Structures are given as C-alpha cells and as structure tokens.
Amino acid sequence: MVVIGEECADCPSIPKHYEEMECEPIKEESDCCIRSFKCPNIKTRDANKCYFKNETYEVRENLKKEQLIGTCSGTCFCREGEEKPAEFVCAHIDCPEYFQGHDPSRKCVRQYDREHCCAINTICDEEMEKLSTCEFEGEQYKEGQKMYPKDLCYSCFCTKNFNSSMTVEENPDCYKIDCGISLRYSGRLHEGCVPIYYKNDNCCPIGWKCPEEEHKKLNNDFVKRNDSQPTCKFGEYELNIGEILTLDKEDKNCHECFCKVPPMIHCIEKC
C-alpha cells in the first residue's frame, strides 16, 4: 500500500474470503500491493435465486456435480428463504473411516484422490510396503495419502509421479482447499457478517461475527490515512486500514477484528 521510491513496503496477505467470493482486486499503477477489492454486491441479487461461481440457480435446483469435486458435500440444492434470501443447503458426507476403529496389530494407510471426499482404499501390512513413497516437507508418505503444506491452503496427494522439487502452487498433485464460503455461507455474507480465522487468515474461517451480535466500539489507536484511502465497512461502522474493532465486554474468545484490506474487516482468534 505504501510506495517508497520504486520499492514498496511488505504487502499484507490476502484473506481467503476475497478469493472465494470472486472479488476483483483493485490496484493502481503506482501501487505495489493490492489496495482493496471490489466484491459482488450480494444485497442487489434476486432474493429468490441462488448464486455460485458466476452461475444462477432457481429454487429447488441442484448444484452441478462438478462444482462439488474435492469437497465433502453431497447434493446441494437451492432452498427458498423465509425472511432471508434463498441459499444453498448441502448434505455433508460422513466418511466410514471416521467411525472405524484401528487395529493396533496392523499397519495400514488409507488412500485418497482428488475426486472423492472419503478414502477410496485401505492398504495394510505387506501390501503397504509395495506402495510408492513421497517426501514432503521433511516427512515420508505412502501412495494415496493426503499431505498438507504447513503455511498454504492446499492439500496434496502422494502419487507415483509426485515431484517434491516443484512448488506446491505448480504441483499437479496439489490443489487449493475450497472452504465453501460462497456456497455455504451466502446467508451470513448477506447479513453483513465477517469471517473469524484461527491464528491467521490464509485458509478457512472457523466462524462468523455479525454486526448485530453485541454493542461494539472502535479502538482509535491507528495511523490516520488520507481521504483517498479505501475503508472497511461493518454494520454502522466505517474503519480505516489498521483500525481495530473491539467489544465493550471482555472478549473471552480472544478475537481481534480489524480493517486490513478493504472493503471487509475480518477477525482472528488468537488463543
């Protein structure tokens, strides 16, 4: 956001929700960093239709199956809202392996692929030793196992041809995790709620904070920007970049909500 000669200060990380909401980055030629985002105006949409990835769905219409690849959602359909806009309702898949006990006398690995939420196979004992192996971030994995990068919102799969020398972003066996923000939480977004992340904002939120939940006040200990600086809006409040939103009451959940990259604030759960 700040230009120093031909260089700029470190750019802030981009919260996950802007990507999944398909917001357009705003950046002037003189900016090194993204200044803000232009997001779809959810409140101007037809309240009797559902929207996902630039497509419109009628009430009771099912989401296309290809949109659910890599998720743990079964059928999703557009449900008419009573006092709020229509939104998708999805059946969550509970994988059998979550309810199966583990035999400590056997060594087994569960195998996964991109197309399915649940394990597609279980390999044990001598057969497991025949599987290909992958080295990923200092750990060893067997063919078919899931691998999660430490600092990126991706999931990777150990395959026979896995190339550990490639970056996660370029690796064909690694995929961005879809948090389902636009699919499952359009109602929250319509209400003006903002995501709560745990520790950092580079992957999926763990909850939501809405303007009407409690009376709030502003912490004005921030660097004042010029009038052209974009701001974040949350309920009746408008926050400058760097401004923090705090609760009147003691925040037992250790939340810190702030304006980092407009137009939305977001919250971090720190403990």
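Reply: Let's start with a term: two strands pair if DSSP finds at least two bridges between them. Strands (E, at least two residues) and helices (H or I, at least four) are DSSP runs, numbered from the N terminus. What you see is a predicted model, where local features need pLDDT of at least 70, side-chain atom pairs count only at pLDDT 80 or more, and totals for chains, interfaces and linings use all residues. Residues are numbered from 1 along each chain as its sequence is written, and side-chain values use heavy atoms, with hydrogens and water left out.

Now find the open sheet of three strands, whose order is β13-β14-β15 and whose pairing is antiparallel. Its edge strands are β13 (146-147) and β15 (174-176), and each of these pairs on one side only. β13 meets strand β14 (residues 154-157) in the antiparallel sense, over two bridges.

Stay with K146 for a moment. Its bridge partner in β14 is F157. The charged end of K146 also sits over the ring of Y112, 4.7 Å from the ring centre (this needs NZ of Lys or CZ of Arg within 6 Å of the centre and within 35 degrees of the ring normal).

A pocket is an open set of points on a 1 Å grid where a 1.4 Å probe fits, with protein on both sides within 12 Å along at least five of seven lines; lining residues have an atom within 4 Å of a point. The largest pocket has a volume of about 910 Å³, counted as the space filled by probe spheres set on the points.

Its lining takes in 41 residues, and E20, T71, D178, C179 and G180 are the ones nearest the centre. The largest share, four residues, comes from α3. By class, the lining has 17 nonpolar, 10 polar and 14 charged residues (Asp, Glu, Lys and Arg count as charged; Ala, Val, Leu, Ile, Met, Phe, Trp, Tyr, Cys and Pro as nonpolar; the others as polar).

Finally, follow α4 onward: α4 and β19 (232-234) each supply at least two lining residues of the second largest pocket. That pocket holds about 440 Å³ of space. Among its 19 lining residues, L189, G192, K233, P263 and M264 lie nearest its centre.
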